[in-house]
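Visitor: I've got a chain to walk through and some questions to go with it. Could you show it to me?

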Amino acid sequence: MASSTVTFKIWEMLVFIVGSVPQVCKTSHFKNPPGPWRLPIIGNLLTIMHDPHLALTSLKQKYGNVMQIHIGTVPVVVLSGFETIYQALVVQGDDFKARPDFYSFRFIGNGKSLTFGKDCGDVWYERKRMAQRALKSFSTSSNPMSLSSCYLETYVTREAELLIDKFIDLMKTAGHFDPYRYIMLSVTNVICAVCFGRTYDYNDKELTELLELNSEFGKVTGSGYPADFIPILRFLPSRTFTNFKNLIFRFTKFIQLIIHDHNQNHEMVIQSEYKHKALSNDDITSIVLDIFGAGFDTVSKALSWSLMYLVSNPTIQQKIHAELDAVVGQNRLPKFSDRAQLPYMNAFILEMLRHSSFVPFTIPHSTTRDTNLYGFDIPKGRCVFINQWQVNHDPDLWRDPFIFRPERFITTCGKIDRNLSDKVILFGMGQRKCIGETIGRLEIFLFLAILLQKLEFSVSADVTVDMTPIYGLTMKHRRCDHFKVCARV
Ligand code: HEM
């Protein structure tokens, strides 16, 4: 490396350290939340390098529900415990609703992203509400072209049936398969139908490549990406960050092309919500990118975790089959309206969300003004991590939190225990809460109900599935190529 580059990097580091001193001094008269001892320059980075959700859950035992760590020299407040998170995000929601101005977030939608952008004022609020309305219309407006209750039901049913055909086909040709890629394409097709009114073939090369690249997105946007806190790291070569930028570039181009095609022909439904607001094509692209990205990644992870739990717990799968046979039978397909009559299926989904906690932290928040939480001072602009994984495994809330047991959600009357199910947090809370929660829950339910009505899933007898989560904004499991299905009719 040229000596001038080294000198530059040392300068960069010194400027950063010196620059951070006033910040530390300025906050020293505050009552800071407690936190662990830290190293100079890197702070607690080593502690949270791997599986930060576990590391921070274990630190919570010592420092409590409001604690402070440092990544580099940047202080980060970490919130745990259901009540504490509720207090911050709902009761004091205005104080905690911003997003930090992270280096990585600036690349998403050119910094204008509804989800990752730093705007949290009136314009952001209005956009979020419109996006929410547009999504809601898919799960409520009836589709005149079909017997389904709404567009979403039509799209999910069609994709679930195609997925069943694909799995049966793969069994005939190879005798076993890895379902992940096909689940991801099916879920993506649902969100494509929602956003663009069109779907893609399982063999579509461009879409498949884009979806495969997606894990790079979660690696960077998951809480605690070092280069967001330690600026000098941005100057070091990083394959992950290059892939991240490449993915955003390709996804943006992909969506711009579809929007362009649409403009030639007809208006997109998402677009029609915005038509009186004089939004540019860039604005539309950024909103669609947000909905598209959040919509396919989360739901496909939920479904692939579900299949992992089903093959690891055959007795649970049998109970779901029995419930489906009794309530729906084999003469018609399951529908959204069956949901209330299938408590065991709902309990399974809740337990999958809780136990996997595959969105371990919300997207990082930051404070909009100086505030105080349970006696601790938190200044304006402080980055805040919300540990959803901790809540979902909190022994004060859950008996045997590490055991997978859907029955925990069922009352003695055979109904879902609403008090307990409300304690599972995976969609955030308050003003930044996920706008796709209703759609997401409905999709997971209907995909699973249709798949399990028709198929029994298993893995080869000599295979143990590896359920160890791989950390990211959304956590995936290791791929498993040994899935088998057997038709139930
Ligand atoms: C199982 C499915 C899903 C899970 C677990 C999930 C979870 C989350 C979480 C944890 C957040 C961040 C909350 C926060 O920062 O406090 C979020 C935000 C968001 N989600 Fe979801 N999500 C799911 C499905 C969806 C779907 C299907 C869509 C759209 C079709 C969607 C769109 C969004 C958007 C736009 C945001 C940003 C909200 C904001 O920043 O104010 N999500 N989601």
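Guide: Before we start, the domain bounds used here come from an automatic or database domain assignment. Also keep in mind that this is a predicted model.

Visitor: Which residues belong to domain 1 and which to domain 2?
Guide: The chain is divided into two stretches. Domain 1 covers 1-25, and domain 2 covers 31-487.

Visitor: How far apart do the C-alpha centres of domain 1 and domain 2 lie?
Guide: Take domain 1 as 1-25 and domain 2 as 31-487. Between their C-alpha centres, the distance is 37 Å.

Visitor: On to the ligand. Which helix gives the largest share of the shell around the ligand?
Guide: There are 24 residues around the ligand, with Gly295, Gly428, Cys434, Gly436 and Gly440 the closest. Helices H5 (122-140), H12 (281-312) and H17 (437-454) each supply at least two residues of that shell. The largest share is seven residues, and the helix it comes from is H12.

Visitor: How many nonpolar residues does the shell around the ligand have?
Guide: Sort the shell by class and you get four charged residues and seven polar ones. The nonpolar count is 13.

Visitor: At what angle do H12 and H17 pack?
Guide: The axes of H12 and H17 are 10 Å apart, and the crossing is right-handed. On the H12 side the contact uses Thr298, Val299, Ala302, Leu303 and Ser306, and on the H17 side Gly440, Glu443, Ile444, Phe447 and Leu448. Those residues split into six nonpolar, three polar and one charged. As for the angle between H12 and H17, it's about 40°.

Visitor: How many charged residues does the contact of H13 with H14 have?
Guide: H13 (residues 314-327) and H14 (residues 343-356) have axes 8 Å apart and an angle of about 145°. Ile316, Lys319, Ile320 and Glu323 in H13 meet Tyr344, Met345 and Phe348 in H14. That contact holds five nonpolar residues and no polar ones, and its charged residues number two.

Visitor: Which residue in S6 is the bridge partner of His365?
Guide: S3 and S6 (residues 383-386) pair in the antiparallel sense, over two bridges. In S6, the bridge partner of His365 is Val384.

Technical notes: Residues are numbered from 1 along each chain as its sequence is written. This is a predicted model: local features need pLDDT of at least 70, side-chain atom pairs count only at pLDDT 80 or more; totals for chains, interfaces and linings use all residues. Two strands pair if DSSP finds at least two bridges between them. Helices (H or I, at least four residues) and strands (E, at least two) are DSSP runs, numbered from the N terminus. A residue is near a molecule or strand if its C-beta atom, placed from the backbone, lies within 6 Å of it. Ala, Val, Leu, Ile, Met, Phe, Trp, Tyr, Cys and Pro count as nonpolar, Asp, Glu, Lys and Arg as charged, and the others, Gly among them, as polar. Axes are lines fitted to C-alpha atoms, for helices over the stretch in contact, and angles run from 0 to 180 degrees between N-to-C directions. Two residues are in contact if their C-beta atoms, placed from the backbone, lie within 7 Å. A crossing is left-handed if the near helix is turned anticlockwise from the far one by less than a right angle, and right-handed if clockwise.
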